[in-house]
Amino acid sequence: MSKEKLTTTQGAPVDNDLSSITAGQHGPTLLQDIHLVDKLAHFDRERIPERVVHAKGAGAHGYFEVTHDLTKFTRAKFLSKVGKKTDVFARFSTVGGEKGSADSERDPRGFAVKFYTEEGIYDFVGNNTPVFFIRDAMKFPDFIHTQKRNPANNLKDPDMFWDFLSLTPESIHQVTVLFSDRGTPFGYRNINGYSGHTYMWYNKKREYFWIKIHFKTDQNIKTLTREEAAKLAGSDPDHSTRDLYYNIKDGNYPSWTVSVQIMSPEDAKKYRFDPFDITKVWPHGDYPLQPLGKMVLNRNPDNYFADTEQAAFSPGNFVPGIGPSPDKMLQGRLFSYHDTHRHRLGTNYHLLPINASKSPVHSNERDGAMRSDANGGGVYHYWPNSFGGPNPDPDLALPKVDIAGMAARHEYKLGDVDFVQAGELYCKVMTKTDREHLVANLVAHLKGAKKQLQLRQTALFYKADADYGKKVAEGLKLNLDKVKQLAAMSQAERVKATTLKS
Ligand code: NDP
């Protein structure tokens with residue numbers, strides 16, 4: 001028997017935790033049983049809103065250590081010295097599935113890392129894929145709707161899925177990664193993490209650079225076949241969570257080697273791809289990976305909800321030396337992440353221990369629900385102020401970036417260039433086995449969609465690479481001449497030629 005006394009949430013000792021107070025043996029329960037009422041009321045509120053994306057996840061604590069000096073590119077203090085260590089908390093997740101969904105589902109994997117630096121929180125909020133399906137935040141809610149469930153029957157819907165993707169051809173690169181076996185990783189220890197977005201780094205002289213960050217797994221990439229993933233979804237739907245937890249518990253700490261690609265602003269102006277388009281990578285041959293550090297995860301949370309569920313990451317959490325780029329997907333995320341956390345956790349979510357800065361916070365933001373710190377005490381909470389309030393530091397201003405143009409809804413024009421990297425991945429990077437699995441995975445999923453959608457999407461694979469399109473067409477038993485004709489059309493003509501009959 002524990003010596004600790006059970007108490008109410010208010011700290012008062014509890015006499016009995018098994019029987020409600022009732023009027024007589026069988027009588028109705030009395031409202032005066034405050035312990036019962038409190039217990040039920042709190043239970044009723046145990047669930048907080050599920051994350052609309054990345055609902056199912058697993059997390060762990062660890063550290064990041066600088067192994068290489070890149071201080072000429074960034075003034076970030078946590079990167080200022082080789083050997084410097086910073087505490088981190090990492091959370092991995094699937095994207096579309098609900099909180100109880102299987103870890104082995106085909107999906108990108110979220111790869112988020114919170115750095116508790118001496119200059120506040122810096123969050124890396126990436127994925128295990130270096131690219132994304134869309135490149136404008138305007139499309140994000142629609143895209144996610146298509147990956148979730150049919151509004152009428154609450155089932156996953158291959159028609160919604162492939163309709164949106166085939167109407168959004170810039171997704172072809174990410175679709176190719178997703179339907180390779182990298183879309184069903186063995187577990188979270190065996191994935192890479194990519195910033196995807198381009199970010200800004202700047203040094204003390206306010207010279208700036210565009211960068212992309214890569215976390216490469218030291219455990220090697222390990223993937224599941226479609227059949228293995230389906231089997232695991234039934235036999236152990238929490239496999240990735242279990243794999244991460246027990247490896248850390250057993251002292252087998254996973255680690256990642258962190259590198260950066262760096263592009264000068266001058267190069268960015270004339271580069272052959274838009275360097276801010278998240279549907280494209282920067283080829284290693286053009287921008288080699290420059291080593292920066294190592295991340296090690298060595299401690300499981302004591303409590304899943306306290307840390308992993310309440311962890312709130314935002315690509316807008318920067319520290320001096322790191323800033324945003326004009327990437328239109330990133331620009332939307334800069335708003336959306338903080339906003340979703342305010343909805344899910346409340347306006348003071350930054351005070352929760354897992355999210356709180358470990359360096360001093362002197363902000364003038366006050367009040368709000370669940371304010372759990374001293375709320376700034378009696379210090380005047382405005383600026384400018386003559387009473388010794390905290391000062392902004394102009395030396396920390398972001399470098400000036402020259403931006404000019406018309407304020408308008410500027411469309412990205414789809415071009416042949418949008419198919420190049422998907423084609424290169426298929427024909428130059430993938431092995432024969434990778435290609436066979438990719439095609440089989442695509443066929444297994446696409447065959448659930450309407451014929452017109454199969455044709456429209458397969459034409460896009462054909463545009464990326466003729467063999468790729470041909471193999472998918474064969475798998476789906478589509479007329480290859482028809483696929484070729486569709487591939488030769490503009491997107492508008494292709495959509496018209498594959499209009500669904502209602
Ligand atoms: P490289 O030959 O230099 O690099 C290819 C990279 O592809 C590898 O380093 C590896 O990245 C990744 N890769 C290997 N096998 C697979 C696979 N089966 N599925 C997905 N990715 C795989 O070529 P480039 O840099 O010129 O890029 C060519 C293509 O490689 C790109 O179009 C892109 O699709 C893909 N790629 C490129 C990345 C980049 O940042 N340049 C990153 C990842 C993929 P890693 O070691 O990071 O796993």
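Student: How far apart are K428 and E424 in helix α10?
Tutor: They are four residues apart, so about one helical turn separates them. Keep in mind that this is a predicted model.

Student: What links K428 and E424?
Tutor: A salt bridge, with the closest N and O atoms 3.8 Å apart.

Student: Is K428 buried or exposed?
Tutor: K428 counts as exposed, at 62% relative accessibility. E424 is partly exposed, at 30%.

Student: How many salt bridges are there?
Tutor: The count comes to 30. One of them joins E309 and R51, with the closest N and O atoms 3.6 Å apart. E309 sits in helix α8 and R51 in the loop between α1 and β1, so the pair ties together parts 258 residues apart in sequence.

Student: Are E309 and R51 buried or exposed?
Tutor: E309 is buried, with a relative accessible area of 4%. R51 is buried too, at 10%.

Student: Which residues form a network of salt bridges?
Tutor: R135, D277, K280 and D418.

Student: What lies 3.1 Å from a nitrogen atom of the ligand?
Tutor: A polar backbone atom of W282. The protein buries 77% of the 780 Å² that the ligand exposes when taken alone.

Conventions
Residues are numbered from 1 along each chain as its sequence is written. This is a predicted model: local features need pLDDT of at least 70, side-chain atom pairs count only at pLDDT 80 or more; totals for chains, interfaces and linings use all residues. Side-chain values use heavy atoms; hydrogens and water are left out. A polar contact is a pair of N or O atoms within 3.5 Å; within protein, one must be able to donate a hydrogen and the other to accept it, and residues adjacent in sequence count only if both atoms are side-chain atoms. Accessible areas come from the Shrake-Rupley method with a 1.4 Å probe; for residues, only the protein chains shown count as cover. A salt bridge is a side-chain nitrogen of Lys or Arg within 4 Å of a carboxyl oxygen of Asp or Glu. Helices (H or I, at least four residues) and strands (E, at least two) are DSSP runs, numbered from the N terminus. Buried means under 20% relative accessible area, exposed over 50%, partly exposed in between (1.4 Å probe, protein chains only).
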